Each structure stands twice: as structure tokens, then as C-alpha cells.
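This report describes the fold of one protein chain for a reader new to structural analysis. Please keep the sequence and the structure in view while reading.

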Amino acid sequence: VEDFQRVLSVNVIGSFITLQEVAKAMKVDEQGGSVVVTASVAAFRGTPAMPAYVASKAALIGLIKTAAKDLAPFNIRVNAISPALIGPGHLWDRQNG
């Protein structure tokens, strides 16, 4: 459980705090802007043997969707990139084998 909580803390809570601070600064500046958060294809695939990582990246997708709607009136765009593993290699073999 500790490892699971740590992954959620880093990936979700850390991103939330960063997004909150960046949005606050952008609102004060009144110029709008763009925020890009790194999610993962794992959030959509349900990658095996990585439950904490998958859950944290899926949570980020929800956070990003909500933040995009909340910040749109301030001309602040919020988007995600969702990279995937590129094989071959140990992790590729582990997840796709």
C-alpha cells in the first residue's frame, strides 16, 4: 500500500499542486497560456503488473479534463501527452509478452 500511495502522491497530487500554482500565476498575468501534463497510454490500456502507475495516469486524465473546463474562461488550455513504451526491450517484453 505504501508504494501505491507514493506513486499516486507523486503522479497525481504532485501534478495537481503544480497545475494549481501555474494556473494561479497565469490568472494573475491575464495572458492565458497552455499547460501540458504527461499522462500515459497505460491509462487507456490497463497495462498489466502496474496497477499504481495505471491508476495514477488514469486519475491524471480526469484531472486534466476538469482543469481544462475550469480554466478555459481564463484562456488557459490544459492538455496531456500520453507516450507509450517503444520496444524492443525489457519493459516492452514484460508488458507485451
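Two residues are in contact when heavy atoms of theirs lie within 4.5 Å. The model discussed here is a predicted one.

## Overall architecture

The chain contains four helices and two strands. Read from the N terminus, its elements follow the order α-β-α-α-β-α. The C-alpha trace spans about 50 × 30 × 20 Å along its principal axes.

Of the 97 residues in the chain, 28% count as buried. The chain exposes about 6,500 Å², and carbon and sulfur atoms supply 59% of that area. Among contacts between residues at least 6 apart in sequence, 65% join residues at least 24 apart.

## The packing of H1 and H3

Two packed helices are described by the angle between their axes and the distance between the axes. Helix H1 covers residues 2-29 and helix H3 covers residues 51-71; the two pack at an angle of about 20°, with their axes 8 Å apart. H1 is therefore roughly parallel to H3, because angles under 35 degrees are placed in that class. The crossing of H1 past H3 is right-handed.

On the H1 side they include Phe-4, Val-7, Leu-8, Val-12, Phe-16 and Leu-19, and on the H3 side they include Tyr-53, Ala-55, Ala-59, Leu-60 and Leu-63. By class, the residues of the contact of H1 with H3 divide into 16 nonpolar, three polar and two charged.

## Two residues within the contact

Is Asn-11 buried or exposed? Asn-11 lies in helix H1. Its relative accessibility is 16%, so Asn-11 counts as buried, the limit for that class being under 20%.

Apart from neighbours within four places in sequence, Ser-56 is in contact with Val-7, Leu-8, Asn-11 and Val-12.

With a relative accessible area of 44%, Ile-13 is partly exposed. Ile-13 and Thr-38 are separated by 25 residues in sequence, and their C-alpha atoms are 13 Å apart in space.

## Loop residues with positive phi

Most residues other than glycine have a negative phi. Which value does phi take in Glu-30? The phi of Glu-30 is near 55°, a positive value in a residue other than glycine. Glu-30 sits in the loop between H1 and strand S1 (33-38). Its relative accessible area is 68%, so Glu-30 is exposed. Although Glu-30 and Asn-75 are 45 residues apart in sequence, they are 8.4 Å apart in space, C-alpha to C-alpha.

Ala-49 likewise has a positive phi, of about 65°, although it is not a glycine. This residue is placed in the loop between helix H2 (42-45) and H3. Ala-49 is exposed, its relative accessible area being 60%.

Note on methods
Residues are numbered from 1 along each chain as its sequence is written. This is a predicted model: local features need pLDDT of at least 70, side-chain atom pairs count only at pLDDT 80 or more; totals for chains, interfaces and linings use all residues. Side-chain values use heavy atoms; hydrogens and water are left out. Axes are lines fitted to C-alpha atoms, for helices over the stretch in contact, and angles run from 0 to 180 degrees between N-to-C directions. Angles under 35 degrees count as roughly parallel, over 145 as roughly antiparallel, 65 to 115 as roughly perpendicular and the rest as oblique. A crossing is left-handed if the near helix is turned anticlockwise from the far one by less than a right angle, and right-handed if clockwise. Ala, Val, Leu, Ile, Met, Phe, Trp, Tyr, Cys and Pro count as nonpolar, Asp, Glu, Lys and Arg as charged, and the others, Gly among them, as polar. Buried means under 20% relative accessible area, exposed over 50%, partly exposed in between (1.4 Å probe, protein chains only). Accessible areas come from the Shrake-Rupley method with a 1.4 Å probe; for residues, only the protein chains shown count as cover.
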